[in-house]
Amino acid sequence: MTKTTLKSALAVAALFAGATVAQADESAQLVINGEIEMVTEAPAAAHLEGALTTVYSGWLFRDDATQAIQMDDFDNPGMLYVDQGAEMWATAEGTEGKSCADCHGDASESMVGVSATYPKWNEAAGEVRTVTMQVNDCRESRMGAEPYKYGGDDINALEAYIGFQSRGMPVNVAIDGPAAETWEQGRDLYYTRFGQLELSCASCHEQNYGNYIRADHLSQGQINGFPVYRLKNAGLVSVHNRFRGCIRDTRAETFAVGSPEFVALELYVSSRGNGLSIETPSVRQ
């Protein structure tokens with residue numbers, strides 16, 4: 001073993017030192033505003049055979065105080081961004097003077113179920129698209145407006161509003177047909193070890209979920225609640241920014257937000273949560 005490899009192994013061991021074998025609290029139940037019941041535990045999809053038998057929402061791995069914040073929309077700071085997104089939806093922009101509502105009408109009708117199926121294959125474009133990619137295409141081709149910065153505050157707010165329309169619906173991301181190749185790329189990336197710590201997504205979120213890494217209770221890394229309000233950041237965080245942060249924490253060069261690599265990874269990770277409820281905007285630490 002080389003000195004570099006030995007140092008990496010010791011660093012990883014230190015990260016998981018004192019880890020417990022506690023699993024998610026299966027008795028916890030996420031009910032928002034006392035009436036909207038969320039599925040936080042579901043049988044794993046067939047493609048996870050041999051890896052997971054059950055998938056758990058990240059909400060189950062948070063402390064009581066954080067869980068409580070998400071259970072009441074008046075307490076959930078992510079709802080401020082949903083309100084902002086509602087205003088953006090109705091605001092005309094660009095050379096065409098159009099708003100999202102001009103084409104799509106009332107989001108509470110037209111956007112129901114949309115976020116539950118993304119990322120998805122776009123036949124006309126010949127590619128897998130995320131919600132951000134689809135929104136920006138509409139802005140450029142239909143509104144004559146500048147695209148939003150990928151992972152920026154504006155698109156995060158609009159995505160939170162769009163995702164909110166599907167809240168409580170099950171994630172149902174398709175991975176077959178023309179999307180299969182991108183899904184396979186994302187799967188390969190999920191199991192690739194990065195950085196000086198030589199950690200993959202699976203190292204934490206498949207092999208060690210329920211354990212503690214330093215002070216963080218590791219979840220399965222499900223993304224059914226994104227964009228998520230992170231108390232640590234005091235704001236909404238996009239899934240690609242979260243991917244970037246995780247890879248950066250392995251002490252590696254990371255991919256760009258909006259890159260083909262992260263689009264593929266988003267498709268794969270989304271599919272790992274099939275059956276869980278859309279929680280947007282969820283609250284995490």
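Contact here means heavy atoms within 4.5 Å, and helices (H or I, at least four residues) and strands (E, at least two) are DSSP runs numbered from the N terminus. Before you click around, remember that this is a predicted model: local features need pLDDT of at least 70, side-chain atom pairs count only at pLDDT 80 or more, and totals for chains, interfaces and linings use all residues. Residues are numbered from 1 along each chain as its sequence is written, and side-chain values use heavy atoms, with hydrogens and water left out.

**Stop 1: helix H11**

Select residues 260–272, which make up helix H11. From first C-alpha to last, H11 reaches 19 Å, close to the 18 Å expected for its 13 residues at 1.5 Å a residue; that expected span is 1.5 Å times one less than the number of residues. Eleven of the 13 are buried, where buried means under 20% relative accessible area, exposed over 50%, and partly exposed in between (1.4 Å probe, protein chains only).

**Stop 2: the cores**

Now colour the largest nonpolar core, which has 42 residues. A nonpolar core is a set of buried Ala, Val, Leu, Ile, Met, Phe, Trp, Tyr and Cys residues joined through side-chain atoms within 4.5 Å. Val55, Leu265 and Val269 have the most contacts inside this core. H11 gives it the largest share, six residues. Zoom in on Val269: beyond residues up to four places away in sequence, Val269 touches Tyr190, Gly221, Gln222, Ile223 and Phe243. Apart from this core lies another, of 19 residues, including Val82 and Trp89.

**Stop 3: helix H3**

Val82 and Trp89 are also among the buried residues of H3, so select residues 78–90 next. Look down the axis of H3: the buried residues fall within an arc of 160 degrees, so they line one face. (The arc is that of the directions from the helix axis to the C-beta atoms.) On the face turned away from the buried side you'll find the exposed residues Leu80, Glu87 and Ala90. The buried residues of H3 pack against several elements, among them helix H7 (153–164) and strand S9 (228–230).

Follow the chain into the loop between H3 and H4 and pick Ser99. Is Ser99 buried or exposed? At 5% relative accessibility, Ser99 counts as buried. Leaving aside neighbours within four places in sequence, Ser99 is in contact with Trp89, Ala90, Thr91, Ala92 and Met143.

**Stop 4: salt bridges**

The structure holds nine salt bridges, each a side-chain nitrogen of Lys or Arg within 4 Å of a carboxyl oxygen of Asp or Glu.

- Asp73 and Arg167 meet at 2.9 Å, N to O. They sit 94 residues apart, Asp73 in the loop between helix H2 (64–70) and H3, and Arg167 in the loop between H7 and H8. Asp73 is buried at 16% relative accessibility, and Arg167 is buried at 13%.
- Arg139 and Glu93 have their closest N and O atoms 3.2 Å apart. Arg139 lies in helix H6 and Glu93 in the loop between H3 and H4, so the pair ties together parts 46 residues apart in sequence. Arg139 is buried at 6%, while Glu93 is partly exposed at 27%.
- Glu127, Arg129 and Asp137 form a network of salt bridges. Within it, the closest N and O atoms of Arg129 and Asp137 are 3.5 Å apart.
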